[in-house]
2 protein chains.
Amino acid sequence: MSNIFLLVPFASILALVFAWFFFKSMMKNSEGTDRMKEIAQYVREGAMAYLKRQYKVVGIVFVILFILLTIMAYFGVQNPFVPIAFLTGGFFSGLCGFLGMKTATFASARTAHGASKSLNKGLQVAFRSGAVMGLVVVGFALLDIAAWYLLLTEVIFTPEHMATGLHFAGLQFVHEGTTETQKLIEITTTMLTFGMGASTQALFARVGGGIYTKAADVGADLVGKVEAGIPEDDPRNPATIADNVGDNVGDVAGMGADLYESYAGSILATAALGAALPAIVLSDLNIDPIKAVTAPMIVAAIGIILSIVGIFMVRTKESATQKNLLNALLIGTGGSSLLILIAMAGMAYFGWVTWGVFWAVIIGLAAGVIIGQATEYFTSDEYKPTKGIAEQAQQGPATTIIDGLAVGMYSTWIPVVTIVLGIMGSFWAAGGATHFAMGVYGIGFAAVGMLSTLGITLATDAFGPIADNAGGNAEMAELPPEVRERTDALDMLGNTTAATGKGFAIGSAALTAMALISAYMEEVRLWFGKIAKGGEGFITKGEYIFYNDVAPAAQEGFKLVKISTASVKDLAASYDITLFNPLFLGGLFLGSMMAFVFSAMTMKAVGRAAGAMVDEVRRQFREIKGILEGTAVPEYAKCVEISTRGAQREMLLPSLVAIFVPVIVGAFMGVAGVIGLLAGGLTAGFTLAVFMNNAGGAWDNAKKYIEKGNFGGKGSEAHKAGVVGDTVGDPFKDTSGPSLNILIKLMTMVSVVMAGLTVTLSLLF
Amino acid sequence: MSNIFLLVPFASILALVFAWFFFKSMMKNSEGTDRMKEIAQYVREGAMAYLKRQYKVVGIVFVILFILLTIMAYFGVQNPFVPIAFLTGGFFSGLCGFLGMKTATFASARTAHGASKSLNKGLQVAFRSGAVMGLVVVGFALLDIAAWYLLLTEVIFTPEHMATGLHFAGLQFVHEGTTETQKLIEITTTMLTFGMGASTQALFARVGGGIYTKAADVGADLVGKVEAGIPEDDPRNPATIADNVGDNVGDVAGMGADLYESYAGSILATAALGAALPAIVLSDLNIDPIKAVTAPMIVAAIGIILSIVGIFMVRTKESATQKNLLNALLIGTGGSSLLILIAMAGMAYFGWVTWGVFWAVIIGLAAGVIIGQATEYFTSDEYKPTKGIAEQAQQGPATTIIDGLAVGMYSTWIPVVTIVLGIMGSFWAAGGATHFAMGVYGIGFAAVGMLSTLGITLATDAFGPIADNAGGNAEMAELPPEVRERTDALDMLGNTTAATGKGFAIGSAALTAMALISAYMEEVRLWFGKIAKGGEGFITKGEYIFYNDVAPAAQEGFKLVKISTASVKDLAASYDITLFNPLFLGGLFLGSMMAFVFSAMTMKAVGRAAGAMVDEVRRQFREIKGILEGTAVPEYAKCVEISTRGAQREMLLPSLVAIFVPVIVGAFMGVAGVIGLLAGGLTAGFTLAVFMNNAGGAWDNAKKYIEKGNFGGKGSEAHKAGVVGDTVGDPFKDTSGPSLNILIKLMTMVSVVMAGLTVTLSLLF
């Protein structure tokens, strides 16, 4: 192990230390009046009630999947480490969600209290609390990676075990005569699969959170605001606490788990691609295999340290204006990015990465910024698209919907072109033209680069819902109007950064999925080597099949396996991922379909859960006398309970579909079918997600634009049409759209983990 | 030339003869009262005014493209026949549109008059008029194919010309020493490109027609029905004639051109794939190359004859009920399909096609039926999905929209799974597992099979708008209510068959595009052979590069070209259509994006054109006194003019994007990028089209379901919400959705025609 690798555990622990520090310093602030404390307590209890139930359901799913994976390991179609890695990945992701929610729910009243002093004070509390979420996500993700890497390299794959083999409980952990190159491939492909735990947990967090937040929101709006005519966040509204809980559940826990997965997935996939390099291009380029594997982790570690620096750069004067605040945030995120650029140049200069990788990281960072800006352009009411929707609202709801859908569809072009240029650019920059594997490795680094500043970008993202909740707290605690104005200013700031954050989440999901798909092929290659039938019986673990024409010269420690003609045909068919393999093409169709069907399921789920909420709020208004007069307290907990139950019930089916479809396609259509499925899901899913996110965002802001007094303002026909648009947009932008991020990655992750099964089945039949 | 080939020109002329016969027999019917004649005259004039203007614009585009293609031919990157073939393809497609519209507009008053006698009489007039459209489409398409095939085989590629070469005006039409195998490849790839003419004309017909019909419809509805409160098809509504013209423009001319293109495209692509067989699998399977090329044409010819038989099978008793009528239609279409099955078995028995091809045709026919039935399930108010939308309408427009979108997205699964099974099934049935090229040939036959009964299925489709117009005529001419009831019954019957027809149109577009993409590779292969740089300079025309590993043994008349390493790399890179070529993957992303952006453009276009119409109708109500009292005649022609102008203006941009994007992608991203673009456009475009078609259809019928008295009936809140859904659905199902059929095919066609340019550019840089 190289000394510089120690930077990885160091940075991850540093992140956790600073998270602790920010949490403590946030907790030192006062929660304000008793009323404020009481409201915060309601939200906190609601959030924890949700998490408890959520983790119970997720826990059951994890136990079932753990058992399935263990059985697979027993039958030799699964790596024996995978079941445990699956658990740790899920556990840490869940822990981040818990800590982030805890922090956010502690912070809201404190932010409101801070805002009652000054805008800057409010920002400091909210932003530092957001930073807790950002830092625990990157900290735990990298800690998990570092721990596994150290365990596998230092304890499992010791020189003795590699020479004599390591068996335990009937399972072979290390086979006899493992070489250094094989070792790295085994280690990285094993670690890759722990992303599956993070993915599964993220799926439930995103889908469940998305359903929860929109059910509560729609219930609160439709009955409270529209039917009863009381304002937003009014304490008389029974669904108002659930609505505030929902902001945390969706935007803090859901977003955090989503990016945790992207973060871990991109690092692990790139490491796995790095491990494959030696066998392919090492001889030519003279790359140190250890460096190739650890480089993405080290880049991430540096990113963490520089994110912390960036967080401290977010400072303003006491008398800061809205514009100052935005600038302060931009200095923080921009500063981190710039420092990473310099650090990467240093790494390239000292030979830890190639200059090509340096460029790939820069391309990834730039792509994230461009997608974020494009999102801002298409969804902010300062620009033409959203203004146009508001204008169409004058003609009624139908034209509002049509125009919003058109804006959303049209808006896909910039993100898609950016991703395409990003993929091609990082591929060529990293040397893909001469060494294909280097190019793919470069694409992985573009994802790592985009996510390297996650510590601070997630902070700017997570502070939005905290400010939003602070506003709710201020409203319900009946604080003076200027407090609400300040929290609204923070909320608006949060909306700006959130738009960027959403583009960032989907952009990184695409690049991560891309890297994962490439890594999937490595996994498949490995499994073919393990179980393909050779000319003289089964191929043993030490052999490695090179089907591609790429230089089979440098395979230190591997021998090219001679397999019978029939096996070659199976292998070739499974590898034939050209368009003219009907399995691949069929997979493409199915992947595209999955994106649409999954979105349909999540949209329907929101509808059903919201319906139950609407009934409940109506019931409370009807049955509990004195709610509207303010003389009776509504049963907040009941609404929280209903949203929670609705989310749990509704998230299961789409989640199981996302998990099992890749397995089924793998079983019936082999590797080529799976690759098609993943590619179709990635490309159509990405486009559909951008469409849904941006249409939803644009409707939301078009409505707000009308509310500012344009086209007749509040209460006008245009406003009514705007509200219809906003309501349609809610599940678009907060449930279905973001859930697609996960679908794209999870299907790939499942395929990676199930590669052994898929390969075995494709060789058996 | 074999004698049995004469069946092809014979069947195509037979189709035209019967079309003439049906037209004449329809014209013998009375047009009814003077008022009926007058109204029919208005619609006819409007339709012809539209067509005149449309063909002028299309004509200009054709002249420009003709010049471009001619220049390309001059510089040797285009086959010299292509510019002329391009013109004939476009001309015949346009002629079909003209004749179909002429017939339909002559038929509407006659149908209304027939319906005033009996339901059956009305059906006979409308259906026989629809049959005219069906038969001219298949007749002219196959005539064009037969004429070119005869010209090329008998006049151009004569044994003398093949021996000595054929030059004219500096262009080489036949090179010296052409072999029989080369001849067939040259002929079929040349003919393939005349699909480009049909494609371009279809694009304008679909997009222009779709914009026209929806602009008129929205204008008539929003101002006439909603604002002025007058019923549908009321003569006081200035937009009512334009609305009736729109039915013809969109559903007759647009649909006809769309299917003309699929029909010609599938036959030509399959012929091209058949021509490539000899070089690849001939030696093994002992297939006669001439048979392989002409088989799809002969299947089509048999299909025409059996369609005519089917048309005569559509008969009912005078006292027929609605159910009898539907059964009569089903006997016609089902009978044709059954007869084709028997005929195909005969062809297989006598060795004209393999039994594998027989199964491929059956699979294609079955896939068409399944997709049609699925469309019916998801959009008819007899089933749960549409009823559910109507139920949601009680909660207001937002939930109506959300539920409709969810239904549309969810509904993609059956068509996608059917297409996937169809592709895989026809591939394997035709022998793709052992002979890859045979499998692809089989996929082509699935498309040919699905479209073989087009003569009659298009008749059942085109009769819908005729019945719809007859209803308008009856309403405006103030015929007794039972006449309108009967035409409504016919209209409803038309809606049922139209749902099936829409599924059929998109399904056949997918299979045709699939066959075209495969044929594209043949085109590319050919062009590489023509212009790739060899080790010793340019490769001459007689050489043919086999890059794939597939048996280069049987290349009679070709020699495997030895090209330098650099060229091999270029070639390999261009051919590398595996997922890991970033060009291919980038193309996939761009293809998916194209589907969304193109839909956005067409939706926006409808919005703008409809806005102009709304203004005009409002102006007439305001400025022309006495319209609403019925004392003044509105300026129908003005509305027709506005819709026409709007459609022409708005159709240009999306059309040009569809034509030029593949060229641009080809120039910058080479063959792999183009293939990715086509695959992404096909898979995402197909899914998106099904989504939009079905969501639109379901909203339409949900509204009608409410109007039948459910959930409060007409005038209720649910109805208002239903109207919003219907209005959103209009551009979905009548403009953007159907236009995607064309986008999918046209992008492929353009790529085929531009293959020479793409290959040249990819080798130059």
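This report covers the chain pairing, the salt bridges and selected residues of a predicted model.

## Basis of the model

The model is predicted: local features need pLDDT of at least 70, side-chain atom pairs count only at pLDDT 80 or more, and totals for chains, interfaces and linings use all residues. Residues are numbered from 1 along each chain as its sequence is written, chains are lettered from A and ligands numbered from 1 in the order in which they are written, and side-chain values use heavy atoms, with hydrogens and water left out.

## Two copies and their interface

Contact here means heavy atoms within 4.5 Å. By that rule, 62 residues of chain B touch 62 residues of chain A.

The size of an interface is often given as the accessible area lost when the parts come together. Chain B and chain A bury about 5,700 Å² between them, and 88% of it is on carbon and sulfur atoms. That area uses a 1.4 Å probe and is summed over both parts. The rule finds 2 salt bridges across the interface. A salt bridge is a side-chain nitrogen of Lys or Arg within 4 Å of a carboxyl oxygen of Asp or Glu. K604(B) forms a salt bridge with D403(A), with the closest N and O atoms 3.0 Å apart.

## What chain B supplies

On the side of chain B that touches chain A, α13 (397-410), α14 (413-429), α17 (481-531), α19 (582-623), α20 (636-707) and α21 (717-753) each supply at least two residues. The largest share, 16 residues, comes from α19(B). Helices are DSSP runs (H or I, at least four residues), numbered from the N terminus. The residues of this side divide into 50 nonpolar, 10 polar and 2 charged. Ala, Val, Leu, Ile, Met, Phe, Trp, Tyr, Cys and Pro count as nonpolar, Asp, Glu, Lys and Arg as charged, and the others, Gly among them, as polar.

## Salt bridges

Over all chains, the search finds 56 salt bridges. One joins K214(A) and D730(A), at 3.5 Å from N to O. The pair links distant parts of the chain: K214(A) is in helix α7 (residues 195-227) and D730(A) in helix α21, 516 residues apart. Both K214(A) and D730(A) are buried. Buried means under 20% relative accessible area, exposed over 50%, and partly exposed in between (1.4 Å probe, protein chains only). K214(A) and D730(A) also belong to a network of salt bridges with D217(A), K502(A), D700(A), K704(A), K733(A) and D734(A).

D234(A) and R236(A) meet at 2.9 Å, N to O, in another salt bridge. D234(A) is buried at 9% relative accessibility, whereas R236(A) is partly exposed at 25%. E475(A) and R484(A) pair at 3.2 Å, N to O. E475(A) is partly exposed at 29%.

## Residues in helix α21

T735(A) sits in helix α21 of chain A. Its relative accessible area is 0%, so T735(A) is buried. A polar atom of the T735(A) side chain lies 3.0 Å from the backbone oxygen of G210(A). Beyond neighbours within four places in sequence, T735(A) contacts G210(A), I211(A), K214(A), T602(A), V606(A) and D730(A).

In chain B, K733(B) lies in helix α21. K733(B) is buried, at 10% relative accessible area. Its side chain makes polar contacts with the side chains of D730(B) (3.0 Å) and D734(B) (3.2 Å). K733(B) and G210(B) are 523 residues apart in sequence and 9.2 Å apart in space, C-alpha to C-alpha.

## Positive phi in loops

F711(A) is not a glycine, yet its phi is positive, near 50°. F711(A) lies in the loop between α20 and α21 of chain A and is partly exposed at 30%. E478(B), also not a glycine, has a positive phi of about 50°. E478(B) is in the loop between α16 (454-476) and α17 of chain B. At 66% relative accessible area, E478(B) is exposed.

Technical notes
Polar contact = N/O pair within 3.5 Å; in protein donor to acceptor, adjacent residues only side chain to side chain. Buried area = accessible area lost by both parts, 1.4 Å probe.
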